[in-house]
Amino acid sequence: MAWYFSRKLVTIIVALGLYSSPSSLASYEVSKIEELEADVIEFGFVLLADDHQTSQIKDLAKVVFRKLPPPPVSLDIENKKERQNTLVTFPHVSLGQYALLKPEIPKLKKIIDEIARDLTPVTEKMDGILAVTKENIFFNFLDQKERTNPAIRKLYVDLRSAYMQAIESRRPIRQGLQAMKDNRDEPEELDLLRKCYQNWGTPEKDRINPHFTLVYNYSGEKSQVEDAVSAVKVPESLKEVK
C-alpha cells in the first residue's frame, strides 16, 4: 500500500513498508547514522505520464513480461530474487529515492507544493529499443546522462536540495546500504551515498538515466532476456511521452 499525492506532473510516493532494522546493516555508519530505526520510511520523487500513456506503458510491460522465461520453482530469497519477474504496477520516472522518519512526512507535501508551483509539463522522446540491465528492463528516455533534459536535471536537484534542507531525519536508502554491505560500489558511489543519501541516478558526473521500469528482477540469463525483449516493438503512440 502507498500514500501519495500529486500536483501537475510531480508526485510523491511514500511506501508504508518499514525498515526491519537488520543487524547486518546496523554496524555501517553512513553520515553519522549508526543504526536503522524501525520507523524509517523510504519514498521517491517521481514523474508520471498522462493517464492514457500510463495505461499504454503498462500494456507494453505486459508484452515484455510474456516474453520472459518463467522463474525457477525455488526462489533465491537470500540474494533478493524473491521478486523475480515482477511486472510494474505504477509506471513512473524516478527523480530521487530517499528516507526519513515518519513525523516529517508532512514536510514532503510542502516541498512538492513549493517546487510544483512553477513547473510546466515536459514532453520527452523515448528510445524505441528497450534496455535490459543486470536485473531490470527499462523503457528509456532517448536523452540520457549528459543529454538529459536540463529541466528534468534541475527538477531532480531542486527536489534533493529541498529534502536536504527541510528534512532533519534524512536517512540513506536500503538499496545503498545493501550495496555498501556487499562491497558492490565504487568509492565515488559511496561518496554519493554519504553526501546525497542515495548512490544511483544522481546528476553528478551525468549519473542520471530517466526511464520507466517495465519489469523488476527478471529471470533467466541477460543474453537470453535481451534476445526475447529485442522482438518487442514500442508502439508509435509511445515514441513521445507527455
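Student: What puts Lys222 and Glu226 about one helical turn apart?

Tutor: Both sit in helix H7 (residues 222-229), and they are 4 residues apart there, so about one helical turn separates them. Keep in mind that this is a predicted model.

Student: And what makes the pair Lys222 and Glu226 a salt bridge?

Tutor: The N to O distance between their side chains is 2.8 Å. The cut-off is a Lys or Arg side-chain nitrogen within 4 Å of an Asp or Glu carboxyl oxygen, so this pair qualifies.

Student: Why is Lys222 called partly exposed?

Tutor: Its relative accessible area is 35%. Buried needs under 20% and exposed needs over 50%, so a value in between is partly exposed. Glu226 gets that label too, with 33%.

Student: How do you know that Lys109 and Asp113 form a salt bridge?

Tutor: Their closest N and O atoms are 2.9 Å apart, and the limit is 4 Å, so the pair counts. These two are 4 residues apart in helix H3 (residues 105-116), which means about one helical turn between them. Lys109 is partly exposed, at 41% relative accessibility.

Student: What does the salt bridge of Asp206 and Arg153 tie together?

Tutor: The side chains of Asp206 and Arg153 meet at 3.2 Å, N to O. Asp206 lies in the loop between helix H6 (187-196) and strand S9 (211-216) and Arg153 in helix H4, so the bridge ties together parts that are 53 residues apart in sequence. As for Asp206 on its own, 27% relative accessibility makes it partly exposed. The whole structure has 7 salt bridges.

Student: Why does Thr54 count as buried?

Tutor: Buried means under 20%, and Thr54 comes in at 15%, so it is buried. Thr54 belongs to helix H2 (residues 51-67). Leaving aside neighbours within four places in sequence, Thr54 is in contact with Ala49 and Pro91.

Student: What makes Asn140 buried?

Tutor: Asn140 has 11% relative accessibility, so it falls on the buried side of the cut-off. You'll find Asn140 in strand S8 (residues 137-140). Not counting residues up to four places away, Asn140 touches Met126, Asp127, Ala131, Pro210 and His211.

Methods
Residues numbered from 1 in each chain as written. Predicted model: local features only at pLDDT ≥ 70, side-chain atom pairs only at ≥ 80, totals over all residues. Heavy atoms only, no water. Buried < 20%, exposed > 50% of the residue type's maximum accessible area, 1.4 Å probe, protein only. Contact = heavy atoms within 4.5 Å.
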